[in-house]
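I opened a new notebook page for this chain.

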Amino acid sequence: MLKSLHLKNFTVFPDANLEFGKHLNVIIGENGLGKTHVLKAAYCLLAVSAGGSKGSGDETPTQAYLQTAVASKLRNVFKPDALGRLARRQAGRSPSQVECHFDQKKFDLGFSFNTLSKSEVNIDPLPWAWISNVPVYFPTRELLTIYPGFVSLYETTHLQFEETWKDTAILLGAPLVKGDRERKVQELLRPLEKAMDGTVELDDDSGRFYLNRLNMGRLEMHLVAEGLGKLAMI
């Protein structure tokens, strides 16, 4: 479990420490205070930590892999012209630092860089192990209507969409789980399906999502209200 996030001279934050609870956490504030940047910074570190066991080929995290992977994730999620653009402008040459701390210290991960950095970060602390739970970041736009072909298009062309869109689209197409996990998922789905008055279906032939509603039949996701589309993403 993620316990805390420390941001220093990162985007709009001079020095901020955020402590998280075990279940639901709500971040509130006026526009421009950095709410989305908090979520994206945490997501970058969690995504690299969860994907590292496959992406690096190493059983344990290494400095060399994380330096490249974290810098790449930051550039693809925040989309700055250069990494140094994520440094707080008023900080001068003081380094920017971001750290994630978990309930188990072996997962703790952090990085730093300066205003002149183009594509490199320094890793500290260095974790001892990869995390097993894959993080999910829901963009503000629902993605079910653009899902068909989006991942392959993102991978083969230069699109100015944040990488969170691609990451979420990959998860949307993941196969259904079986066994004990399937029963747990079904329990979590019941209130969502009740709110949507239907179930979500991915057509294997067309790659399109549909909402099967009890009183209206099978609806293309393009014909469904955006609010229901966002519930369907979950």
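This is a predicted model: local features need pLDDT of at least 70, side-chain atom pairs count only at pLDDT 80 or more; totals for chains, interfaces and linings use all residues.

Residues are numbered from 1 along each chain as its sequence is written, and side-chain values use heavy atoms, with hydrogens and water left out.

**Entry 1: serine 4**

I started with serine 4, in strand E1. Helices (H or I, at least four residues) and strands (E, at least two) are DSSP runs, numbered from the N terminus. Is serine 4 buried or exposed? Serine 4 is buried, because its relative accessible area is 12%. I then listed its contacts, where contact means heavy atoms within 4.5 Å. Not counting residues up to four places away in sequence, serine 4 touches Leu18, Glu19, Phe20, Glu99, Cys100 and His101.

**Entry 2: the whole chain**

I stepped back to the chain. It has 6 helices and 8 strands. From the N terminus on, I read the order as β-β-α-α-β-β-β-α-α-α-β-β-β-α. The radius of gyration is 19 Å, close to the 17 Å that the globule rule gives for 234 residues, so the chain is as compact as a globular protein of that length. That radius is taken over C-alpha atoms, and the rule is 2.2 Å times the number of residues to the power 0.38. Along the principal axes, the C-alpha atoms fill a box of roughly 60 × 35 × 35 Å.

Of the 234 residues, 41% count as buried. I also checked the contacts with a separation of 6 or more: residues 24 or more positions apart account for 58% of them. The chain exposes about 14,000 Å², and carbon and sulfur atoms supply 52% of that area. Accessible areas come from the Shrake-Rupley method with a 1.4 Å probe; for residues, only the protein chains shown count as cover.

**Entry 3: alanine 71**

Next I went to helix H2 (residues 63-78), where alanine 71 is found. Alanine 71 is buried, with a relative accessible area of 0%. Which residues does alanine 71 contact, leaving aside neighbours within four places in sequence? I found Leu66, Leu83, Ser119, Glu120 and Val121. I also checked cysteine 44: it is 27 residues from alanine 71 in sequence and 9.2 Å away in space, C-alpha to C-alpha.

I looked through the backbone angles. Asparagine 9 has a positive phi of about 55° although it is not a glycine. This residue is in strand E1 (residues 2-10). At 8% relative accessibility, asparagine 9 counts as buried.

Aspartate 197 has a positive phi of about 55° and is not a glycine. I placed aspartate 197 in the loop between helix H5 (180-196) and strand E6 (198-202). At 28% relative accessibility, aspartate 197 counts as partly exposed.

I noted a cis peptide bond from aspartate 124 to proline 125, with omega near 5°. Proline 125 is in the loop between strand E5 (122-123) and helix H3 (150-156).

I moved on to threonine 199, in strand E6. At 32% relative accessibility, threonine 199 counts as partly exposed. Leaving aside neighbours within four places in sequence, threonine 199 is in contact with Glu193, Tyr210, Leu211 and Asn212. Threonine 199 and tyrosine 210 are 11 residues apart in sequence and 8.3 Å apart in space, C-alpha to C-alpha.

Valine 177 lies in the loop between helix H4 (163-172) and H5. Valine 177 is partly exposed, at 24% relative accessible area. I found that valine 177 touches Glu182 and Val185, not counting residues up to four places away in sequence.

**Entry 4: a pocket**

On a 1 Å grid over the protein atoms alone, a pocket is an open set of points with protein on both sides within 12 Å along at least five of seven lines; lining residues have an atom within 4 Å of a point. Grid points are joined across faces, edges and corners, and a volume is the space filled by probe spheres (1.4 Å) set on the points. Which residues line the second largest pocket? I listed Asn76, Lys79, Pro80, Tyr154, Glu155, Thr157, His158, Leu159 and Gln160. This lining divides into 3 nonpolar, 4 polar and 2 charged residues. Here Ala, Val, Leu, Ile, Met, Phe, Trp, Tyr, Cys and Pro count as nonpolar, Asp, Glu, Lys and Arg as charged, and the others, Gly among them, as polar.

Note on methods:
Buried means under 20% relative accessible area, exposed over 50%, partly exposed in between (1.4 Å probe, protein chains only).
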